[in-house]
Each structure stands twice: as structure tokens, then as C-alpha cells.
Amino acid sequence: MPLELQQLRQVVALAEHGSFVRAAAALHISQPALSRSIQGLERRFGSDLFQRNRSGVVPTDLGRLYIERARDLLRMADELEGEAIGHAALRTGRVAIGGGPYPTDSFLCQATARFAEQFPRISVQLHSGNSDDLVRMLRSRTLDFFVADASLVTREPDLEVTPMPTRHPVYFFARTGHPLTGRAGVVRAADVLTWPFAAPARIPPRVLDPLLTAHREGSSRLPAAKPIPAIECSGVALAKRIASVSDVVTAAPLSCIAEELENGRIVLLATEPWLHLQYGLVSLRGRPWTHTAETLREFVFDAERDATQLERRLLKDHAPRRRARSARAKSPVRSRNDAGVARTEHD
């Protein structure tokens, strides 16, 4: 009679628990039933798989070999079952992910949209929030995983953080025509922060420290210091909207402001990035991944790679120095002819 997976699981459970009583309880069967099953296997092998004593059981040499092979077979069986369940799950089901304001706006929206198009019968939930809220949702199993600045969650022992491939520069920006855009020379963070600053979320300590340093330097030139941030928004979209209709300044990775840069509603201010973000994909340590969540995770990594390429192109096209050179190339140059009469030349 061929061996059954149930028997393999019984042998492995007995080896792990070292006791018929504990193994039977874990397997949800009676102790006599487990004893009969193990004895039947031993009769088939013609040798004991376990040595019995008063304190419990330990595998024999044959038992250890059998247990090792049983674990391999069970692992393969579980993988096959997981694949079957996973492919079925991709036809229906749900998955929930979260993200900080920047990764949500930068690439998580694109990732979930592409996933929903390819798997239209799966319900996808996307939550945006600060890292504390996302951690609470993950621990309550409301989320399958989330993406945020990796530095915010690295010290949590129950969380597993997978670093994402690239660092994303964050630039200050403002509306086209903002007074800062007419300044000659380098625009620094201290210059930017003499104007009201809108934050797309609660500012984490790693970001707040250099921000406050630049703010103090800029405020020393003013009669009265402005609060930092002057406005706290619940997302990047609100911060962009406020900056586009006022003299308020804000900051974001370039992939978050691609449309506004391309249509000329906003411009970059500082010539160097204010900071770099290294995102991490965060999950509960030890919690098994569903096939649906694993599939969406791959969409997230693909979308982040696309965002990185977009940011590089946008920086090439819209960097402040490049913009200044382009403006000079298009503007008329005033000079004088031999008679001293002013005339206009074009490059």
C-alpha cells in the first residue's frame, strides 16, 4: 500500500514533539490512533522508527533518514498545493496593501491599477497613511504588506523589511512664477524655508532634523520665524494643490509631480535634492504570504522601477540649472553696434 501524506505528517509531528500525547494533540487525533499508524509503518519497514522510553520518543537512525525524506516530500506537496490554491485565488479574492504618502503617489497607485486590470475579479484595497497607522493595520492583519521609508520601521522585531532597489531623491518645488524662481545662483534649503512649507504628512524624525536646521538658518534672516510645517496635509495631492495656487513651497520625489512639471504648473527650486528616500516593503515576520499578495508585490517592484526611470528623465529635463540655460538660450541678448545704438541679437 502506498504511503500517504497523512502518515508522513504524523511521523514528522512525532519527531518534533517527542511525545505521542503532544503529537496526537497537535494533529487533532487520538493517541491510540497515532500509535497504531506509527506501528503500522514500522511493520512495513521491518524496523523501529522511534525508540520509546519513559520521557518520550526519539528517532532511530532509520527514523531520522525517514523523517528527513518525509519533510522533503511534505515541502514539495505543500508547494504544489500552494500553487494550485494560488492560481485559483487569482481568479477571485482580495488583497490589501498600504503606503506612505510618497510611495503611494509615486508608484503604488500604478501598481494596483495594473494588477486590477490583469486580475479584474480580485478586490484590491490601497491605504495611504503614516508609518504608525500602517504598522497598526499590518499587525491587525488588515494589510498584507505596506511600503514606507525603511528607516521608520527597521527596529520593530515583529516586522520584516525588504529594501526596495533604488533611492529616490526629494526636491523642493513651487508654482511657476514663485519669487524664488527668479533668484540668481544656487537656491538652498535655508532659502526655500523662508517661505511657508506644506508637508504631505506628519514629518518623521529622520526628515525633521535636517529640515529644522535649514529652517533655523533661513529664519534668522526674518523678523519672525514661520512654523514648520506651516501646513500639514493628508497626502501629496493636497500639498501639490496648495503649492500650485500660492507661494507655499513643498517637496516630493519627481515621480509624484511628473504631470505638474510637464505642463509647467510647478518648477523645481533647489539644484540639489533635499533628501533621499529608501523605501522598504514591510510585512509581518512569520506570516505566510498568500499567492495573491506575492503577485501584487511583483507589480509593486515593477512600478517602482518605472518610477525610477521617470525620475531620471524628469531631472534631466527640469533641473533648475538646465532650465536656466534654456531660458538664456531663448532670451534676446542686448548689445551695441559701432554707432553705439542698442540692438537685439538672438542666439
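Lys240 is buried, with a relative accessible area of 12%, where buried means under 20% relative accessible area, exposed means over 50% and partly exposed lies in between, as judged with a 1.4 Å probe on protein chains only. The structure is a predicted model, in which local features need pLDDT of at least 70 and side-chain atom pairs count only at pLDDT 80 or more, while totals for chains, interfaces and linings use all residues. Residues are numbered from 1 along each chain as its sequence is written, and side-chain values use heavy atoms, with hydrogens and water left out.

The side chain of Lys240 meets that of Asp105 in a salt bridge at 4.0 Å, N to O, a salt bridge being a side-chain nitrogen of Lys or Arg within 4 Å of a carboxyl oxygen of Asp or Glu. Because Asp105 lies in helix α5 (residues 101–118) and Lys240 in helix α9 (residues 236–244), the pair ties together parts that are 135 residues apart in sequence. Helices here are DSSP runs of H or I with at least four residues, and strands are runs of E with at least two, numbered from the N terminus. Asp105 itself, at 23% relative accessibility, counts as partly exposed.

The two helices that carry this pair can also be followed through their axes, which for α5 and α9 come within 9 Å and cross at roughly 90 degrees; such axes are lines fitted to C-alpha atoms, for helices over the stretch in contact, with angles running from 0 to 180 degrees between N-to-C directions. Helix α5 is therefore roughly perpendicular to α9, since angles of 65 to 115 degrees count as roughly perpendicular, those under 35 as roughly parallel, those over 145 as roughly antiparallel and the rest as oblique. On the α5 side the contact (heavy atoms within 4.5 Å) is made by Pro101, Tyr102 and Asp105, and on the α9 side by Val236, Ala237 and Lys240.

Elsewhere, the side chains of Arg188 and Asp191 meet in a salt bridge at 3.8 Å, N to O. Arg188 counts as partly exposed at 37% relative accessibility, whereas Asp191 counts as buried at 3%. Salt bridges that share partners also join Asp105, Lys240 and Glu260 into one network.

A further salt bridge links the side chains of Arg69 and Glu68, at 3.8 Å, N to O. Arg69 is partly exposed at 46% relative accessibility, and Glu68 is partly exposed with a relative accessible area of 45%. A search of the whole structure finds 17 salt bridges.
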